Amino acid sequence: MSLTLVGAIGVSGLLLLLFIFGMPVGFSMAVVGFAGFSYVISFNAALNMTGSVFWSVCSRYGLTVIPLFIFMGQIAFYSGVNKRLYRAANKWVGHIQGGLAMATIIACSAFAAICGSNTATAATMSTVALPEMKKYGYSAVLSTGAIACGSTLGVVIPPSVVLIIIGLATEQSIARLFYGSIGAGVLLTLLLLLTIVVVCRIKPGLGLAAEKSTLKEKIASLSGGIEMLILFCLIMAGLYMGFFTPAEAGAAGAFFALLIAVITRTLSWDNFKKAVKDTLRVSCMVIMLIAGAMIFGRFLAITRIPYDLASFVACLEMSDTMIMICISLIYIAGGAIMDALALLLITIPIFFPLAMAMGYDPIWFSVTITIVTTLGAVTPPVGATTYVVAGIADNVLLKDVFKGVSMFLPAYLLTIFILILFPWIITWLPGLI
Amino acid sequence: MIDLLRKINSLQIFCGGCFLVCMVFLTCCNILFRQFGMPVRGTFEIMGFLGAMLFALSLGYSHDKKEHLYVSILFDRFPEKLRQVLQRINAMICGLFFSLLTWQLIKKALNMKSVGEVSETLQMIYYPFILVLAFGTFVLVLFIFYALFKKGGDSN
């Protein structure tokens, strides 16, 4: 049996375990990688490889960045930063038509600058922003759609765990990835805001204006979340100036977030314990995914599937843009049935070498596919954030949330299209480092 | 059985939380002291070991809380009976895999002990950290096998 065929059987076996047996993604990748390696080399070699990879992944200094950044986000989350950010955004833009929905997007993007969790953002924003929008007679379709889509910004705007993992998996500079994603994140945020403006112009009844705040109230509202945004700027500046590495940035960020929360008395002891527990739980899940992907990647490497695929595509008579569009469609379809993080870890060993062989910029490719897979968080049938919003919102049907999300889908597609047409939006900032 | 496992988990989470806080403070001290030309020696090594223990000690907890991502698109649509059967097969495969991994990690740790392998910078023995990782995977195996033998095939 040829190695490529063994690899193809391995990939099919992985899908079988994932879809039929409902096995956790990290476990599936490790099991298939181990079984495939045993078949191609030997059982003992596979056992040695698995043990060594598992230990090296768990004890790798570079991976300590994951719990540290997650910890920073959890502290911000449990100290109620996103609530304060929403109130501040509300004071500034709430008085314009669709303003409360816009405030939700702005608050989500600001919170994304500290926390990378989609579902945490969706949960809090649903409890904070939904009652406010309901009070002003906002349509449930617009309000839930804005929350579900706004919460996806956490993955795109740095510091994002997904970008960290892509950086580690593809051996790229995490700082450069962070800088590359700023332009894309800002573009997506602006297009989401523009969607609300357009939708409210077409159907004014969807989002009515709230009462106007005075300048004094507006300025006073900034104190609620400005300290965390200063923290974000400190982290990005520290990375830019080489003051600290990404892992150190995570630790410094967590330390300052903790310090701010203690000084402002916004984090209780119970919430601190919850933040620690959540950090351990989520970090473990992420590191298990990486360990599984590494074991699976070793198996793929010996079957030479990524290289064969790259050679095959190189022989096709298709333009690079068409190939990129095909890859994007695969990611959109994959993102619709699987979590973005898991999908990226499974497919990066296959598609990243292909993209490099086609001459794409690694930062541009990584950021673009991150946005493409992000779509999966709001589209059926998986759409994790959509379920969270529908679960928390009272008297709102899941189909209404999906209907709301569908209004924002053109913004995502337009972002991807613009990024393909103008790659410098992503590449110019990392080019300055 | 599950109560005992959850007690072990609580203890593990307490230790894991302490390691997390240690990681934050150790890194911050290193950043600070480095500005004065006195970086904390071996920070990278200690951070790696603390990270490994943090992961090891949260494996059981994360599994118990069903944190690990799985693809639910087909699985959740199966009839209850079929899901239970599949969950048991799933638990058998995972249980076997992590048992082998635990055994391999113990073997690796004992091998390192016998050759006296030490870390590069601090020259400290590090096989105990591998044993902690093996303990973490062992607790995970216990959770998986508990789910396998429990009615319904689920630890929760």
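Reader: How do you know that the span of helix α1 of chain A is close to the one expected?

Author: The model is a predicted one. Helix α1 of chain A covers residues 3-19, which is 17 residues. The expected span is 1.5 Å times one less than the number of residues, and for this helix that gives 24 Å. From its first C-alpha to its last, the helix reaches 24 Å, so the value is close to the expectation.

Reader: Which residues of α1(A) are called buried, and what makes a residue buried?

Author: Buried means under 20% relative accessible area. A:Val6, A:Gly7, A:Gly10, A:Leu14, A:Leu17, A:Leu18 and A:Phe19 are buried, so each of them falls under that cut-off.

Reader: Why is the pair A:Glu248 and B:Arg34 called a salt bridge?

Author: The rule asks for a side-chain nitrogen of Lys or Arg within 4 Å of a carboxyl oxygen of Asp or Glu. Here the closest N and O atoms are 2.7 Å apart, which is within 4 Å, and therefore the pair qualifies. The count between chain A and chain B is 2 salt bridges.

Reader: Which element gives the most to the side of chain A that touches chain B?

Author: That element is α15(A), with 13 residues. By class, this side of chain A has 40 nonpolar, 9 polar and 4 charged residues.

Reader: How much area do the two chains bury between them?

Author: Chain A and chain B bury about 5,100 Å², with 82% of it on carbon and sulfur atoms. In this interface, 53 residues of chain A are in contact with 56 residues of chain B.

Note on methods. Residues numbered from 1 in each chain as written. Chains lettered and ligands numbered in written order. Predicted model: local features only at pLDDT ≥ 70, side-chain atom pairs only at ≥ 80, totals over all residues. Heavy atoms only, no water. Helix = DSSP H or I, 4+ residues; strand = E, 2+ residues; numbered from the N terminus. Buried < 20%, exposed > 50% of the residue type's maximum accessible area, 1.4 Å probe, protein only. Contact = heavy atoms within 4.5 Å. Buried area = accessible area lost by both parts, 1.4 Å probe. Nonpolar A, V, L, I, M, F, W, Y, C, P; charged D, E, K, R; others polar.
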